[in-house]
Amino acid sequence: MTSLSGITPSGRLTLGNHLGALRRFTDPDGFYFVANLHAMTTKHDPRRLAALTRETATLMLAAGLPAGTVFVQADVPAHAQLAYLLECTSYVGELARMIQYKEKGRGKPMTRASLFTYPCLMAADILLYGTDRVPVGGDQDQHVELARDIAIRFNREYGETFVVPELAKAALAMRIKDLANPTAKMSKSAADDAVGTIRLLDPPDVIRRQILRAVTDSGTEVRHDEEAKPGITNLLEILATCTDGDPVALAAAYSSYGELKADVAEAVLSVIEPLQKEYAVLASEPGAVDGMLAQGRDRAIAAGEPRLRAAIRAMGLTGSE
Ligand code: TYM
């Protein structure tokens, strides 16, 4: 079983990134990377990208991933090489159906071409390593499905080359909502001071205040009900994920919104504070972080190379061999 997942350094990581993805990166032989090539699909600032790449990589290590499992995507050229080969097997029609492209890019004159072809790069990330498990939040399901379709088609047309990956769906926390707008996803690309977005590296008192001020629903009953009580349901899901509980059963323990919010704040901080402590240790040892990322890069290069070569051969690109 090979588990692989990536995080795009397009903003400071949120509680949604942690509960939906990072905390599920648990395979000590997995491949977990900062998807910096993916952060250039919209206008970007090179200095901010470099700083966010470092912050994201350090957070992944702070979450407990061993050296050798974490790397930076652009350090491994095979991702971009395989992405081009996969673009040559993908159809404009299927890429045009991707929700992210439809929402962010379609019809806009300044849309970067890479926003359109992005799912091919993501498929390359996954297929390069013979991945079978991809732990991601619900917003990435469509991209993983496409990676499966691309693998199946490639194997049929050019011979058995890729493992067809499975989605690793979590029971909970597939879509943590914004605390100020509980019908929208909590997103790291929200404004830096957005009150509904919990950033993993914000000071604990800021995080506590944000949770205590979360928008709630009309009425007073604490009930798990996505339609009628999106705010309370989101808080129950966060609490259940942080405490390994069941959101429906937890609801019964509360008779007021205030009590629930206080417990959510404590539960979130009990998950975030150890992460922040470990982050501070690592951030004070930049040489050690460099070493761990170099180990990750070297292992990823060695692991990805044979499958890239196999794809090159299968497609008839071996002019000099
Ligand atoms: P990204 O950077 O947008 O998000 C990183 C991970 O966090 C999950 N996530 C959430 N989960 C629950 N609730 C939320 N509010 C929430 N917000 C984000 C995402 O689903 C994701 O798992 N394209 C990917 C990165 C990527 C990748 C890959 C993932 C590149 N290549 C290969 C897996 C395999 C992305 O932009 O995720």
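**Ligand site: points for the record**

1. In this predicted model, an N or O atom in the side chain of Lys-188 lies 2.6 Å from an oxygen atom of the ligand. Lys-188 is also listed among the closest residues to the ligand, together with Thr-8, Tyr-118, Asp-125 and Asp-139.

2. The protein buries 97% of the 710 Å² that the ligand exposes when taken alone. The space that the ligand takes is the largest pocket.

3. At Gly-137, a backbone N or O atom is 2.8 Å from an oxygen atom of the ligand. At Gly-16, a polar backbone atom is 3.3 Å from a nitrogen atom of the ligand.

4. How many residues surround the ligand? The shell consists of 28 residues. By class, 14 of these are nonpolar, nine are polar and five are charged.

5. Which helices and strand each supply at least two residues of the shell? They are strand E1 (4–7), helix H1 (15–20) and helix H6 (113–127).

6. As to confidence, the mean pLDDT of the protein is 96, and 99% of its residues reach 70 or more. The model has an ipTM of 0.99 and a pTM of 0.96. The distances quoted above for Lys-188, Gly-137 and Gly-16 are values computed from this predicted model.

How values were computed
Residues are numbered from 1 along each chain as its sequence is written. This is a predicted model: local features need pLDDT of at least 70, side-chain atom pairs count only at pLDDT 80 or more; totals for chains, interfaces and linings use all residues. Side-chain values use heavy atoms; hydrogens and water are left out. A residue is near a molecule or strand if one of its heavy atoms lies within 4 Å of it. A polar contact is a pair of N or O atoms within 3.5 Å; within protein, one must be able to donate a hydrogen and the other to accept it, and residues adjacent in sequence count only if both atoms are side-chain atoms. Accessible areas come from the Shrake-Rupley method with a 1.4 Å probe; for residues, only the protein chains shown count as cover. On a 1 Å grid over the protein atoms alone, a cavity is a set of points where a 1.4 Å probe fits but cannot get out, and a pocket is an open set with protein on both sides within 12 Å along at least five of seven lines; lining residues have an atom within 4 Å of a point. A molecule sits in a cavity or pocket if more than half of its atoms lie within 2 Å of its grid points. Helices (H or I, at least four residues) and strands (E, at least two) are DSSP runs, numbered from the N terminus. Ala, Val, Leu, Ile, Met, Phe, Trp, Tyr, Cys and Pro count as nonpolar, Asp, Glu, Lys and Arg as charged, and the others, Gly among them, as polar. pLDDT is the predictor's confidence in each residue, from 0 to 100.
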